[in-house]
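Please look over the sequence and the three-dimensional structure below before reading on, and keep both in view while you read.

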Amino acid sequence: MPVQKLKESLDSQNIKYVAISHSKAYTAQGIAALTHISGKELAKTVIVNLDDALAMVVLPASDQVDLSY
């Protein structure tokens, strides 16, 4: 489960975070607006395929992943 791996990684590095439950949303910026949290302070996860392996990228909700090479 990706969420559990993320929590374990954050916990192992003593990184403070708060997990927020929210209704269905299609964008991280939409979730930020619903929860009244800045998109720069809300983290989102993006699953990417790197050399035929899945990897999870965690970044601020206001950022985008650039997949161009």
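The report below goes from the whole chain to its surface and then to single residues.

This is a predicted model, in which local features need pLDDT of at least 70 and side-chain atom pairs count only at pLDDT 80 or more, while totals for chains, interfaces and linings use all residues. Residues are numbered from 1 along each chain as its sequence is written, and side-chain values use heavy atoms, with hydrogens and water left out.

**The chain as a whole**

The secondary structure consists of two helices and two strands, and along the sequence these elements follow the pattern α-α-β-β. Helices (H or I, at least four residues) and strands (E, at least two) are DSSP runs, numbered from the N terminus. Taken along the principal axes, the box filled by the C-alpha atoms is roughly 35 × 30 × 20 Å.

Of the 69 residues of the chain, 13% count as buried; here buried means under 20% relative accessible area, exposed means over 50%, and partly exposed lies in between, with a 1.4 Å probe and protein chains only. Contact means heavy atoms within 4.5 Å, and among the contacts between residues at least 6 apart in sequence, 12% join residues at least 24 apart.

**Surface and charges**

The accessible surface of the chain comes to about 5,900 Å², and carbon and sulfur atoms account for 54% of it. Such areas come from the Shrake-Rupley method with a 1.4 Å probe, and for residues only the protein chains shown count as cover.

A nonpolar surface patch of about 380 Å² is made by Ile 47, Leu 54, Met 56 and Val 58. Patches are made of residues with over 30% relative accessible area and no salt bridge, where like charges are joined within 9 Å and nonpolar side chains (Val, Leu, Ile, Met, Phe, Trp, Tyr) within 5 Å; a salt bridge is a side-chain nitrogen of Lys or Arg within 4 Å of a carboxyl oxygen of Asp or Glu. Strand S2, which covers residues 53-60, gives the most to this patch, with three residues. Leu 54 has its place in strand S2, and Leu 54 counts as exposed because its relative accessibility is 69%.

The chain has 6 positive and 7 negative charges, and their mean positions are 10 Å apart. Lys and Arg count as positive and Asp and Glu as negative, whereas His and the chain ends are not counted; the place of a charge is taken as NZ of Lys, CZ of Arg, CG of Asp or CD of Glu.

**Residues outside the helices and strands**

Ser 21 lies in the loop between helix H1 (2-12) and helix H2 (28-35), and with 74% relative accessibility Ser 21 counts as exposed. Ser 62 belongs to the segment after S2, and at 33% relative accessibility Ser 62 counts as partly exposed. Leaving aside its neighbours within four places in sequence, Ser 62 is in contact with Gln 29, Gly 39 and Lys 40.

The table gives two pairs of residues with their separations.

| Pair | Apart in sequence | C-alpha to C-alpha |
|---|---|---|
| Ser 21 and Thr 35 | 14 residues | 9.5 Å |
| Ser 62 and Ser 38 | 24 residues | 8.4 Å |

Which value does phi of His 36 take? Phi of His 36 is near 60°, a positive value in a residue other than glycine. His 36 lies in the loop between H2 and strand S1 (43-50), and His 36 counts as exposed at 75% relative accessibility. Phi of Asp 52 is near 65°, which is a positive value in a residue other than glycine. Asp 52 lies in the loop between S1 and S2, and Asp 52 is exposed, with a relative accessible area of 78%.
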